[in-house]
Amino acid sequence: MSSSASSASSPTSMESGRAAESNHAPGPILLLGAPGVGKGTQAKELVKVWGIPQISTGDLLRANVAQGTPLGKVAQEIMGRGELVPDSLVNEMVAIRLLQPDTARGYILDGFPRTLGQADWLDGRLAAQIESLPVVAVSIQVNYNQLLRRITGRRNCPVCQTIYNVYMNPPKRDGFCDIEGAALVQRTDDTEEVFKERMRAYEALTAPVVEHYRALGRFAEVDGDRPIPAIAAGIVAAVERLRHLG
Ligand SMILES: [Zn+2]
């Protein structure tokens, strides 16, 4: 006991280096991947593992609008005209969110950066923060046909809200809920056409972001066609490995 007390009171540089490692601050983590790969689901799993916040730009935008912040008012006006909120506005919302003290040990960005412009902004911002750990990017991979089946196969029970999938998790009786027998419904945007449109936007805007972080290193791909806990374990292992690259 006395030896550990004395080393704690006068740590050598090597010992303090080890202490920082054993602290396991995960730092900034980007979750990347096509629509429907499960980024939001995995972000919530990682929040449980590391106790760091999930920052989703969709949630940030909704919160800013609901709270009537100056940025939220501008965003609401733009969306009211049916236009897309520009990168600069999203970046500002993220910047303000990152000032919150709960991000000190790290955070999980989910749905951001969505464009190369947002990625450049984030890289510049992190480079300006001397004490910040470098960003680690993890791309969740699910093949196109599997994603298509996840989305077009989805059916909801309007009574108990249970979600089925006609391919992967079908109800016992086709078209009806197992629990109370209500007729299942398909959301109007869970169609092949809407999916293809979202994939086209992803390929044009966001796939280059994945290539950007792949080229920078501290990048990993995990197989997203597995049970949720197995994917989460794969992401945790990838982040820990990338954090020890030195
Ligand atoms: Zn039901």
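Analyst: Helices (H or I, at least four residues) and strands (E, at least two) are DSSP runs, numbered from the N terminus. By that rule the chain has 10 helices and 7 strands. This is a predicted model: local features need pLDDT of at least 70, side-chain atom pairs count only at pLDDT 80 or more, and totals for chains, interfaces and linings use all residues. Residues are numbered from 1 along each chain as its sequence is written.

Confidence comes next. pLDDT is the predictor's confidence in each residue, from 0 to 100. Its mean over the chain is 88, and 90% of the residues reach 70 or more. Over residues 1-22 pLDDT stays under 50. Where pLDDT is low, the predicted coordinates should not be read in detail.

Now the helix pair. The axes of H4 (residues 57-67) and H6 (residues 87-98) come within 10 Å and cross at roughly 90 degrees. Axes are lines fitted to C-alpha atoms, for helices over the stretch in contact, and angles run from 0 to 180 degrees between N-to-C directions. H4 is therefore roughly perpendicular to H6 (65 to 115 degrees). H4 contributes Thr 57, Leu 60, Leu 61 and Asn 64 to the contact, and H6 contributes Val 90, Met 93, Val 94 and Arg 97. Two residues are in contact if their C-beta atoms, placed from the backbone, lie within 7 Å. The residues of this contact divide into 5 nonpolar, 2 polar and 1 charged. Ala, Val, Leu, Ile, Met, Phe, Trp, Tyr, Cys and Pro count as nonpolar, Asp, Glu, Lys and Arg as charged, and the others, Gly among them, as polar.

Key. Angles under 35 degrees count as roughly parallel, over 145 as roughly antiparallel, 65 to 115 as roughly perpendicular and the rest as oblique.
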